[in-house]
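Please study the sequence and the structure before reading the solutions.

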Amino acid sequence: MKKIYSKIAFVSCLLLVGCTGNSQKKEVARKGDSPKEEQFRVTKSEAEWKKELSEAEFYVLRKAATENPFTSDLLTNKEKGTYLCAGCGTPLFKSETKFKSGTGWPSFYKEIEGNVAYDVDYKIGYKRTEEHCAVCGGHLGHVFEDGPAPTGLRHCINGVALDFVPEGK
C-alpha cells in the first residue's frame, strides 16, 4: 500500500511540474538566430573604442554588458536636461521622460525619436528587446512594456552608457 501512495505522489508531482500557465512561458532562442548586421554613421575599430571609452563604458556599449544595479550616479539625477550616448554624444532621452522604476537603472518612458534603435536579444535564453544608439550602435539596455503612461514603456538603460547635459549648457 505504501508503494502505491509513493507512486501516486510521484506522478502528481510530475503533473504539477509539467503544468505551466501563460505567464510562465518564455520564448526560447532558436538555433541560428543571430544579431543582424547594421551599418552605423559612427564606426570605429575595437582599439579606437577602447582608447576613447572607460573600461565600464566599453564593456556596456561595445560588448553589451550590464552594469550592476544602483551603481549609476544618473539613477537619482533630477536635473533638467538631456541624456546622451556616452559613445558618440547622440541625444537619446529627455529628463522629463525619466521616472523612478525601482529597478536600479535609469528608466525613461520615451526615447528621442530616431536616435534609439531596437533589436531582439536572446542572451539570457528568452526574447528581449535590446536598445542601442542608432548612430554608433552602442548597447544601452532593454525596453519593457511595464512602464507608466503615456507610452507604457520602460526603457531600462545602463547609466554608464549615458552622459548627462544639464538644460542650458
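**Exercise 1.** In this predicted model, determine in which sense strand 4 and strand 8 pair, and over how many bridges.

*Solution.* Step 1: Locate strand 4 at residues 107-108. Step 2: Compare its direction with that of strand 8; the two pair in the antiparallel sense, over two bridges. Step 3: Identify a facing pair: Ser107 lies opposite Cys156 of strand 8.

**Exercise 2.** Determine how strand 7 pairs with strand 8, and find the bridge partner of His142 in strand 8.

*Solution.* Step 1: Strand 7 covers residues 139-144 and pairs with strand 8 in the antiparallel sense. Step 2: Counting the bridges between these two strands gives four. Step 3: The partner of His142 in strand 8 is Cys156; Cys156 is also the residue that Ser107 faces.

**Exercise 3.** Give the strand order of the open sheet of three strands and name its edge strands.

*Solution.* Step 1: The order is 2-1-9, with antiparallel pairing. Step 2: Strand 2 (91-94) and strand 9 (162-166) are the edges, each pairing on one side only. Step 3: From one strand to the next, the twist averages 30°. Step 4: Strand 1 (residues 81-85) joins strand 9 over five antiparallel bridges, and Gly81 stands opposite Pro166 in strand 9.

Methods. Residues are numbered from 1 along each chain as its sequence is written. This is a predicted model: local features need pLDDT of at least 70, side-chain atom pairs count only at pLDDT 80 or more; totals for chains, interfaces and linings use all residues. Side-chain values use heavy atoms; hydrogens and water are left out. Two strands pair if DSSP finds at least two bridges between them. Axes are lines fitted to C-alpha atoms, for helices over the stretch in contact, and angles run from 0 to 180 degrees between N-to-C directions.
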